[in-house]
Amino acid sequence: MATTLISTDYNFPGQTAVYHGKVRDVYTINDDLLVMIATDRISAFDVVLPKGIPYKGQVLNQIAAYFLDSTADIVPNWKLASPDPMVTVGNRCEGFKVEMIIRGYLTGSAWRDYKAGARSLCGVELPEGMVENQAFPGGPIITPTTKADEGHDMNISRDEIIAQGIVSAEDYEVMERYTRALFQRGSEMAAEKGLILVDTKYEFGKRDGKVILIDEIHTPDSSRYFYADGYEERLAKGEPQRQLSKEFVRQWLIENGFMGRPGEVVPEMTDEFCESVSERYIELYEHITGRKFVKADEHDLTDRIASNVLTCLDNL
């Protein structure tokens with residue numbers, strides 16, 4: 001099996017902080033720049049699985065870079081450079097404690113709430129008589145969540161965000177406008193590839209008084225895609241839609257008795273399984289971007305990343 005990067009421990013010149021997330025390791029340089037490394041770790045049910053997936057970090061980083069570059073004309077973002085297939089370097093922003101989730105279709109947790117009788121989601125009224133995976137009749141809806149430092153994010157309405165002073169009315173208006181513009185662009189790009197961008201999330205921060213798009217966008221870890229072909233027929237028959245997402249990993253875990261609950265043990269991840277997940281991620285990359293995936297040399301990954309990042313920082 002190809003080498004994977006499951007942990008990093010760099011000490012870059014001017015490094016002032018480091019944060020190890022579920023999938024990404026983020027190094028702060030001089031409190032001004034961020035070096036974001038997409039590792040090959042994979043998480044599901046809020047648990048980081050014990051083995052890495054070959055090329056997953058490269059896939060996620062390159063999809064995010066592709067979409068950040070493809071939307072920079074409509075929304076300013078944090079990215080300055082992608083010096084390595086697994087790394088993005090950009091401006092550090094003061095992040096808002098809110099995730100902007102936008103949904104074009106009634107699915108996932110929104111459908112589960114609706115099925116249980118909810119007709120309002122994050123302050124947005126929902127019509128009667130909707131079915132799973134149906135497009136919202138009034139167009140996409142924004143259902144924000146608060147970003148929790150620990151535990152699960154919580155649903156919150158626009159009015160609550162502003163009333164509680166989490167985000168000012170002025171900044172929220174900009175975030176809302178940017179969220180709709182990004183989703184529109186993402187939907188158009190997906191349609192060209194025979195896909196439907198179902199729902200996604202965006203994170204924003206502030207730098208020099210301006211609202212800036214931060215983190216990844218439109219990756220399979222942050223977004224849900226349906227295949228457009230057969231969507232209407234499946235909807236009419238009440239059949240599940242064909243998804244392009246990491247849902248297959250969650251399904252495999254569920255089938256093997258793991259949902260992240262206390263006492264449950266992650267099933268054995270064989271090399272064959274990890275390779276098959278890697279192939280699915282590469283397939284996702286090629287389908288979403290329309291580009292051929294070129295596997296980067298994975299020998300001495302740690303040294304390769306260090307060398308590329310140092311060269312980049314010297315030139316910024």
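**Reading the helix and the strands**

Modeller: Of the 16 residues of H1, 13 are buried, so the helix is largely enclosed by the rest of the structure. Buried means under 20% relative accessible area, with exposed over 50% and partly exposed in between (1.4 Å probe, protein chains only). This is a predicted model: local features need pLDDT of at least 70, side-chain atom pairs count only at pLDDT 80 or more, and totals for chains, interfaces and linings use all residues. Residues are numbered from 1 along each chain as its sequence is written, and side-chain values use heavy atoms, leaving out hydrogens and water.

Colleague: Which strands does S2 pair with?

Modeller: Two strands pair if DSSP finds at least two bridges between them. S1 (residues 15-20) runs antiparallel to S2 with five bridges, Val18 being partnered with Tyr27. S3 (residues 33-38) is also antiparallel to S2, over six bridges, and Val26 has Met36 as its partner.

Colleague: What lies between the strands of the S2 and S3 hairpin?

Modeller: Three residues, and Asn30 in that hairpin takes a positive phi near 50 degrees.

Colleague: Which way do the residues of S2 point?

Modeller: Arg24, Val26 and Thr28 point one way, Asp25, Tyr27 and Ile29 the other, and all are buried.

Conventions. Helices (H or I, at least four residues) and strands (E, at least two) are DSSP runs, numbered from the N terminus.
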